[in-house]
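Hi,

Here is the structure I said I would pass on. Have a look at it first, and then read my notes below.

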Amino acid sequence: MNASVNKSELTHLAKQADWWRGAVIYQIYPRSFQDDNGDGIGDLRGITRRLPYVATLGVGAIWISPFFTSPMKDFGYDVSDYCDVDPMFGTLADFDALVQTAHGLGLKVMIDLVLSHSSDQHPWFVESRADRENDKANWYVWADAKPDGTPPTNWLSIFGGSAWSWDARRCQYYLHNFLVSQPDLNFHEPAVQEALLDVARFWLDQGVDGFRLDTINFYTHDAQLRDNPPLPPEDRNASIAPAVNPYNHQEHLYDKNRPETLDFIRKLRAVMEPSNSALLGEVGDAQRGLEILGEYTAGDDLAHMCYAFELLSGDQPDAARVAEVMDHVARVAQDGWACWAYSNHDVVRHATRWNLSEDAQRLFATLLMCLRGSACIYQGEELGLTEAEVAFDDLQDPYGIEFWPEFKGRDGCRTPMVWEASNSNGGFTSAAKPWLPVAAEHLSHEVERSEQDTGSLLHHYRQVIALRRAHPALAKGSIEDVRADGQVLRFFRNLDDEKLLCAFNIGATEQDLVLPAGAWTSVDTDQTTIADGQKIKLPGWHTLVMKPEGDI
């Protein structure tokens, strides 16, 4: 298979109205991608410098985690100015250069908008907390204490403890679903919604092609401030918060997942429509994630796609689990669109989380490119980077510091990208000490070394992304007849006249695979296998993507 990337082909695809449907999106965590100015922290110029590498992967878009002005209590997810670049990352001019470079390479640019909450240093909150009568007094979620002085509800913060903090200025509690320094905006206030829509308009004017919407289902709270009911122990799921966090003890009916959120998404979608841009919502819910995905992406006036957590789970998905997830999506999100990922900046890297061999990593990469939906790749995943072990003294993540040692936080998946064997920092920075240490075990997986090895995981990622690009059925087609037979997963992808059979042996032992009647030709390897309704041997961690010869 020719895995080379045709720039004109990518540019053509990028211009399609539904470019996002089936797109492969490369997530960049800016602090850790490339340091250009030598201060030990990645920046926008560093990203621009490395965009040609990203384009060679064959992906259609990049998603950049927050780079806005911020006190960095949660590393950019606490915004103090939505319409400017934090000086540690550069300037608006640097961002403009990044967008121009990306577009010149045929890459769409999506940025991470954190609209559910801001920093407590944002001028909006500074004014809001000053008193109960100012123009922005209702821009955040304020409530009086109960008669005994305790918080208004039993709602909990994902970062631990109550989701309410007392403010002595207003003598009221304010809501924060995350850090105390991340107060929640009040989406029941029309002026707040309009201000946030203006933020979207600003970045669309800067040339961005879409937004990844952080914690999209947290936007609206219950106006009646009702308590969440308890969640039975057997229903608790640690996919959103670690098991040691009592956040998992509640059914989150009232602090998030409110129906009013859909009204705001419709308004945001209307702002997006003239620009051919896309909305990717992050749905954080352990019990109803796929149902919410279906609700938020139904029709043509809500989010274009939503980011699902089912494959970001702790247990390696076997054939039965993948089939179960695909069946669940088909039932609750038939008219919607998922975006799948194995790793991101918030979870243990999947190579470690699932204890994968390199053969297993290859299989899961191919599977990701064959599933119905769009796909996200997290920086370094294509190199086979594992979770880094970060000493407590080097921790930066407040989440890990709070729950150490039972939960070590998110720093292990955020350590710097490794590019070349130029120094102990893998070419990430010329500084003596980067913001997080470069993992020694990552240095044997540098881009430079992986490029030279034609059998590397990096080249495999290029091949399977090219496979998806070459076959519209994989990018945009339906998924049908999903079956799990032992450790073998099998399904069909169909679009117009193209029909593909995808089979995956998700295990180390050889398995039998009975092909449907007719002749089938393998399209995912250089070797062609033709079978006529016969049983074949599928080696461990092996995949087949086949097309029929003639009418089937």
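How many nonpolar, polar and charged residues does the lining of the largest cavity have? Sorted by class, there are four nonpolar, five polar and three charged residues. Bear in mind that this is a predicted model.

Some more on the cavities. Searching the whole structure turns up four of them at 30 Å³ or more. The largest has a volume of about 70 Å³, and 12 residues line it, with Tyr247, Asn248, His252, Ala286 and Gln287 closest to its centre.

The second largest cavity holds about 40 Å³ of space. Around it you'll find Val283, Asp285, Gly289, Leu290, Leu293, Tyr307, Ala308, Phe309 and Glu310. Helix H7 (residues 289-297) supplies the largest share of that lining, three residues. By class, the lining splits into six nonpolar, one polar and two charged.

Then the cores. The largest nonpolar core has 127 residues, and Tyr26, Phe211 and Trp340 touch the most other members. Another core, of 18 residues, lies apart from it and includes Leu280, Leu312, Trp337 and Cys339.

Is serine 80 buried or exposed? It counts as buried because its relative accessible area is 13%, under the 20% cut-off. Leaving out residues up to four places away in sequence, serine 80 touches Thr69, Ser70, Pro71, Ser119, Gln121, His122 and Pro123.

Cheers

How values were computed
Residues are numbered from 1 along each chain as its sequence is written. This is a predicted model: local features need pLDDT of at least 70, side-chain atom pairs count only at pLDDT 80 or more; totals for chains, interfaces and linings use all residues. Side-chain values use heavy atoms; hydrogens and water are left out. A nonpolar core is a set of buried Ala, Val, Leu, Ile, Met, Phe, Trp, Tyr and Cys residues joined through side-chain atoms within 4.5 Å. Buried means under 20% relative accessible area, exposed over 50%, partly exposed in between (1.4 Å probe, protein chains only). Contact means heavy atoms within 4.5 Å. On a 1 Å grid over the protein atoms alone, a cavity is a set of points where a 1.4 Å probe fits but cannot get out, and a pocket is an open set with protein on both sides within 12 Å along at least five of seven lines; lining residues have an atom within 4 Å of a point. Grid points are joined across faces, edges and corners, and a volume is the space filled by probe spheres set on the points. Ala, Val, Leu, Ile, Met, Phe, Trp, Tyr, Cys and Pro count as nonpolar, Asp, Glu, Lys and Arg as charged, and the others, Gly among them, as polar. Helices (H or I, at least four residues) and strands (E, at least two) are DSSP runs, numbered from the N terminus.
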